[in-house]
Amino acid sequence: MATRARARAWLSAAVAVLTLAGLTVASLPQPPVEQPGQIGQAQPMGAIPPPSESEETETAERATAVDDLLHRRATALVGRDEAAFTATLDPRADPAFLEEQRALFANLADIPLDTWSYLLRPDDTLDLTTLPAPAADPSAELWAPAVELRYALRGIDQTPTTRPMGFLFAQRAGTWYLRSDSALTDLGRRSWRGPWDFGPCVVTPTEHGLVVAHRGSQPMVDRLVRELDSSVAAVSQVWGDDWPKRVALILPDSPVEMRALVGPDFPVESVVAVAIADRVDTARHTATGQRVVLSPTGARALSVASLRVVLRHEITHVAARAATVDGSPMWLLEGFADYVGYRDSGITLAQGAPDLAKRVRDSGPPAALPEDRDFRARDRSLDLAYQQAWSIARFLADRFGEPRLVELYRELAGAGPISASDTDDLLRRVIGVDRAGLLKQWQSYLRATLR
């Protein structure tokens, strides 16, 4: 992530490697499996008896009908058939929901979609006996199976990404409808919200990506468009061409929208940008749903030079995501992204790392490599951790060469959480020194560079 404080000081804090986690979903317990000779025996207290054949048939018919409903909804949305889309909505649903759905249909008009579909999971169904009013409706049969939205942005997503949707369905006179996408929140099932849930989307394509924003953001969109392709090229100069080189930049209108896109627990008020992904498969070297989300206020306040550093930093995480295993040392992940961000910027280490420079002048270089917990701080020590990480990556490139820095990233970030001894072995194999040797040489580099 890029913090506001560091951006003001010619800094762009490294982007957290963030994968949006799915919400825990409450579901009915699975029925016990009967063993031979147990047929007709009493069920243990509290157990749910196996469904009868008629119940299974009813469930299958319900699933078929709702799956057809979702297919018609998706087809209407992609085909821009508003009447068919509206026909899938419960006519007796909350008027506010119906209005939101009509707005959603309109807001998606300019989004370039390769895929938009839904995956129904009838085996993961919520118990609605505790559904709070006014969501409960005694006049209709209600059903709440798990549903996933699958969508792909054209020219961006090589594989569709998935997001959970908290849909509540209702049957009236033999016909199933979508009744709500928010009524299940209190039961632990939320609907993911995309930019189109917050207003009409304006999409501006470039050679290597696109910018998704809302009306009224054209000046900032123009700035992003000017920097996007050159930032992709700058990242490729360091990382190489073995990544899709396609990037989606999302510019929300509010902190609420940004939080919906990056996760409810993310400190959106203190960052200017963050790179996110849906799923990462390091074994297959793939990542889905990658986006760079910018702060609605912080990004607009950046100078041209600072915005360039931030974008190149974030896009470095996009490029390296599929080769990065969770649990890798943050000083490497964030330092490498900062190295690419600042490369060719003309910003010296003293200019870009003022807190670190002051510390070296006042009390000498740090006594240890920064720890992962340092990158989760909420005070000025967070900036110091990022500055240290950048200085380590810069030292490695200056001392061993940029190709060796990239090799170290691929090896160490690809290994994930490994023991201290294994880390030392890997460092010795790539750069010829262990952690102690790296620390000693880094300290000498800081003394020579920042004093």
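## Charges over rings

In this predicted model, the charged end of Arg80 sits over the ring of Phe105, 3.9 Å from its centre. A charge sits over a ring if NZ of Lys or CZ of Arg is within 6 Å of the ring centre and within 35 degrees of the ring normal. Arg163 lies over the face of Trp192, with 5.3 Å to the ring centre.

## Aromatic pairs

Rings of Phe, Tyr and Trp (its six-membered ring) pair if their centres lie within 6.5 Å; planes under 30 degrees apart count as stacked, over 60 as edge-to-face and the rest as tilted. The count by this rule is 16 aromatic pairs. One of them joins Tyr118 and Phe167: the ring centres are 5.7 Å apart and the planes stand at 50°, so the pair is tilted. Tyr118 is in strand β3 (residues 113–125) and Phe167 in the loop between β6 (161–165) and β7 (168–172), 49 residues apart. Strands (E, at least two residues) are DSSP runs, numbered from the N terminus. Both Tyr118 and Phe167 are buried, meaning under 20% relative accessible area (1.4 Å probe, protein chains only).

Tyr151 and Trp196 are each buried.

## Basis

Residues are numbered from 1 along each chain as its sequence is written, and side-chain values use heavy atoms, without hydrogens and water. Local features need pLDDT of at least 70, side-chain atom pairs count only at pLDDT 80 or more, and totals for chains, interfaces and linings use all residues.

Notes. Helix = DSSP H or I, 4+ residues; strand = E, 2+ residues; numbered from the N terminus. Buried < 20%, exposed > 50% of the residue type's maximum accessible area, 1.4 Å probe, protein only.
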